Structure formats: structure tokens, C-alpha cells
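User: Hi! I'm new to this structure and would like to learn how to read its features. Could you walk me through them?

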Amino acid sequence: MFLKPHCLPLLITLISLSCPCFGSYREVPFHIGFRQGHAYRRPTTYHPYFRTFGVSNQRNYHANPFNYNNEIWSRLDSAGVPVTPKVVNVDDFGAKANGGDDSQAFEKAWNYACSSSQGAVMVVPKNKIYHLKPVDFSGPCNSALVLKIYGTIKASVDHSDYQKHDRRWLYFDNVQNLRVEGGGVINGNGRTWWLKSCKINEALAVTFNECSNLKVAGLRIKNAQQMHLTFQNCVNVKAYNLFVIAPGNSPNTDGIHVTGTQNINIKNCVIRTGDDCISIVSGSKNVRATSITCGPGHGISIGSLGAGNSAAYVSNVIVNKATLSGTTNGVRIKTWQGGSGYAKNIKFQNIVMHNVSNPIIIDQNYCDQQKPCSEQVSAVQVSNVLYQNIQGTSASNTAVKFDCSQGYPCKGIYLQDVALRSEEEDVAEASCSNVRLSYRGNVTPPCST
């Protein structure tokens, strides 16, 4: 009863499909060829203690931290079971797409697909709109699973529906070898949330928690309650070809939020929201974002880190080939006073800014609260950050801002081939305090003495 003839093409295509895995993180040397800048608290000689970046005189950059294996589906062969996955259509489990609640049908379909030992494809048919209350898609599953979203999934607007689900909507927990794709739409229906927005009461649209070997691709995620797509404590993730949109004035609607996640590749995504296009916070390591279109929004951020005197750790981040337009920040690292830990081995390269406020900013005195933050000595250490081939226009007169901690100054900050000018006055400024930096190539604007 669960296999329909129109789903048979899926059986053929899925035999050859595989789920991404990541190999070891490969690093190449960071060759020193920079001249020292003037915003030093004291002169230093830099001896590299990490090998994340590859910068040479020939401009040949080889940093490639991600390797991919295509083993997941092949494991079904080695296990001696059929490789033809079950096709599980949500309509066969009672989904009506008639404006009523289809949550139970989705739960039943997921549980059936998850229990399959031969792999499964769960299908959300096209040209239909399914209304869902919060749903937990829990693992572990018995085999690899594909969720094909061809149609539209739309969130309940009744806030009471979320109270028993910690204000989360679509929650994928402890699932391995999962692909979510199909070209459909996930609509968080968030306008009622925006009117009552409060960071204490965040509501997450789509969350992947403790998942591994995960691919999310080819979806349109829009109008989230607050954060659109969250990867939390995941390992080995691909997020490809996503279109994430919400109005520029929608509060706290981060596009892609990465927390406690390792080995994640975000690629070919268009993100236009009311908060950070991509936010990367504590516990995240080996993060690559490539070919990102961002704006409106708050830019691409690492942090905030160290709030409430907490320890935070972020390392090995590469942002490559991004275009930011009309954002309130460009590429940003933000930490609270009083925190500890580090943000290190970070590379921003090949980035174009169009009328962006604060195109390059490190803010170790970040304070996102109504009352002033108390001055504290401890700070998250920011080190080994490379800004390379960044060009465009700044909406603010200050195009480069390094506001670093006096007790824990930013160190190992490198600027190479940076050309930023003010949108209106043509000549931009740099504001630099407590930073140990070096230059290579032409850098405009430079930090003054």
C-alpha cells in the first residue's frame, strides 16, 4: 500500500546516491611573507604554530580541509541486504494537505521509514502545502534515509503548540546518514513570532541535533520563527544550494547557525534575513563556507562568544567567495568581555562588499544588552586571522575596525590585498586598538599609528 507507481523513478536514482562523509582535516603551512603594521602594543616576531592557511608567493592556496567518502549506501551491499530503498509517501500515512494538521501523518511516515533496514525515501509530494505543528524526527534509524521535500511544509502559528517542544519546530535528533533535499519549501510562518520577538524565547525553525553524515540541499527555507537552519553538535555536514529568506527587519532570523559542529561545508547558498546570514559559535571546528550571497542581514559572524563569563572555542574556519550587500556588518568576530577560550585559525578570502557597514570587524567588547557591560580583564583570545582579497564599499566611514581586548590583544592578524572605500566619501578609515597585525600587498585603509 505504501509504494505508488509514480514513485518508482526514485528507486532507480537512489541506488546510485551516496551520503557524504568527511575524512581527516588536512592542513598546509602558512608561509610568512607579511610586513608588520603599526597598531601594536609591542613589536613581536610571529612564529606559526598552526597550519590552516596556505599562502605562498605564487598565490597558490591549497587549504582543503574536507575529504569525502561515498560509503554509506554501499554498506547496504556489504551487509547482504537489498539496496532498493522503501519509498514512504506521507499521503499514505494520512497527510491531507487540506489546511488541517498533518503532524501525526509525518511522524508515522518517519517512524516507518526510520525502521527500515534496507534504506528508505520519505516523500513529501509536490504542489501541496502541509501544515505541521512541532515534530521530532528522532533516530537512530536502522539504515540510510532520504527525505525528499517536493512540496511545501508550513508551520503552525499557534504559539502554544511549541511549549512542549522547547520552542522548536522541525527537530531532527540523533540521525545518521540522512539526506534532506527535493527543491521544496519550508515556511516557518514566523510573522507572529517577530511581533513578540525576544532572544530569551527563541524559536528554531529547522534543527539538526547530534546528526552525522548529513546533507541538506536544494531547499527554500523562509520566514522562520527566528533562526532558520541550525546545526547543533553535528559531525560531517554538507549544506548546499539553499535559499534562505526573510524580511530584513525580521528580528533574530539567522540564516544558518552552526554550534558545536565539526566538519561542515556550506556552499552555494543565498541568504537574505534580518540577522546573521551565517553565525558560527562555540564548539565549532573545521567550518567552510563557499560561494555565499548575503544581504540583507548582519553579515557572516563568528560569535558571539564568551557571554556570561563562559568558555568558547572556535577554530579552522574558512569563508571563501562571498558577496555581501547592504548588510550591517561584513565579516565579523564578536566576543564578550569576561569570556575565555579562543577563536583561531580563521580565513576570510575573495569577498566583495557592496555598501556594507563595518566590512571587517573584530569586536572583543561586544555587549548586546540594555545596560552597559562591566569592564572585565578576561577575554576570548582571537588569533591567526587572515583577510585576503577583500574589496568593495563601506556604508560607514570606518571600513576596518579592530576593537580588541587590552589584556588579551588580537594577535596574528593578517591583511592581504584589501581595498575598501567609503560609499559616500570615497576615502575610508581604519580603527585599530590592541591588535598585532601584518600586511601583505596593497591594503586600504591601513591602520594608523
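This is a predicted model: local features need pLDDT of at least 70, side-chain atom pairs count only at pLDDT 80 or more; totals for chains, interfaces and linings use all residues.

User: Where is N263 found?

Analyst: N263 is found in strand β20. Its backbone is worth a look too. Most residues other than glycine have a negative phi. N263 has a positive phi of about 65°, although it is not a glycine.

User: What is phi of N174 near?

Analyst: Phi of N174 is near 55°, again a positive value in a residue other than glycine. You'll find N174 in the loop between β10 and β11 (176–181). N174 is partly exposed, with a relative accessible area of 28%.

User: Which residues does a cis peptide bond join?

Analyst: The general idea is that most peptide bonds are trans. Here a cis bond joins G139 and P140, with omega at about 0°. P140 has its place in the loop between β7 and β8 (145–149). Another cis peptide bond joins G303 and S304, where omega is about 15°, and S304 sits in strand β23 (residues 300–305).

User: Let's zoom out. How many helices and strands are in the chain?

Analyst: The chain has 4 helices and 32 strands. Of its 449 residues, 55% count as buried. The accessible surface comes to about 18300 Å², and 46% of that belongs to carbon and sulfur atoms.

User: What share of the contacts comes from residues 24 or more positions apart?

Analyst: Among contacts with a separation of 6 or more, residues 24 or more positions apart account for 79%. Y387 gives you a case to look at. Y387 is found in strand β28 (residues 381–394) and counts as buried, at 0% relative accessibility. Leaving aside neighbours within four places in sequence, Y387 is in contact with residues including V331, F348, I361, F402 and L415.

User: Now for charges. How many salt bridges does the count come to?

Analyst: Side chains of opposite charge can pair when their charged atoms come close. The count here comes to 6 salt bridges. In one of them, the side chains of D91 and K128 meet at 2.6 Å, N to O. D91 lies in the loop between β4 (86–89) and α3 (103–114) and K128 in the loop between β5 (120–124) and β6 (129–132), so this pair ties together parts that are 37 residues apart in sequence. K128 counts as partly exposed, at 32% relative accessibility.

User: Which residue forms a salt bridge with R168?

Analyst: That's D136, with the closest N and O atoms 3.6 Å apart. D136 lies in strand β7 (residues 135–138) and R168 in strand β10 (residues 168–173), so the pair ties together parts 32 residues apart in sequence. D136 is partly exposed at 29% relative accessibility, while R168 is buried at 17%.

User: Are D276 and K334 buried or exposed?

Analyst: D276 counts as buried at 2% relative accessibility, and K334 is buried too, with a relative accessible area of 6%. Their side chains meet in a salt bridge at 3.5 Å, N to O. This pair links distant parts of the chain: D276 is in the loop between β20 (262–272) and β21 (278–280), K334 is in strand β25 (residues 331–336), and they are 58 residues apart. Elsewhere, salt bridges that share partners join K148, R179 and E181 into one network.

User: Which residues gather in a patch of negative charge on the surface?

Analyst: Look for E423, E424, E425 and E429. E425 has its place in the loop between β30 (410–422) and β31 (429–433). With 52% relative accessibility, E425 counts as exposed, because the cut-off for exposed is over 50%.

How values were computed
Residues are numbered from 1 along each chain as its sequence is written. Side-chain values use heavy atoms; hydrogens and water are left out. Helices (H or I, at least four residues) and strands (E, at least two) are DSSP runs, numbered from the N terminus. Buried means under 20% relative accessible area, exposed over 50%, partly exposed in between (1.4 Å probe, protein chains only). Contact means heavy atoms within 4.5 Å. Accessible areas come from the Shrake-Rupley method with a 1.4 Å probe; for residues, only the protein chains shown count as cover. Patches are made of residues with over 30% relative accessible area and no salt bridge: like charges are joined within 9 Å, nonpolar side chains (Val, Leu, Ile, Met, Phe, Trp, Tyr) within 5 Å. A salt bridge is a side-chain nitrogen of Lys or Arg within 4 Å of a carboxyl oxygen of Asp or Glu. Lys and Arg count as positive and Asp and Glu as negative; His and the chain ends are not counted. The place of a charge is taken as NZ of Lys, CZ of Arg, CG of Asp or CD of Glu.
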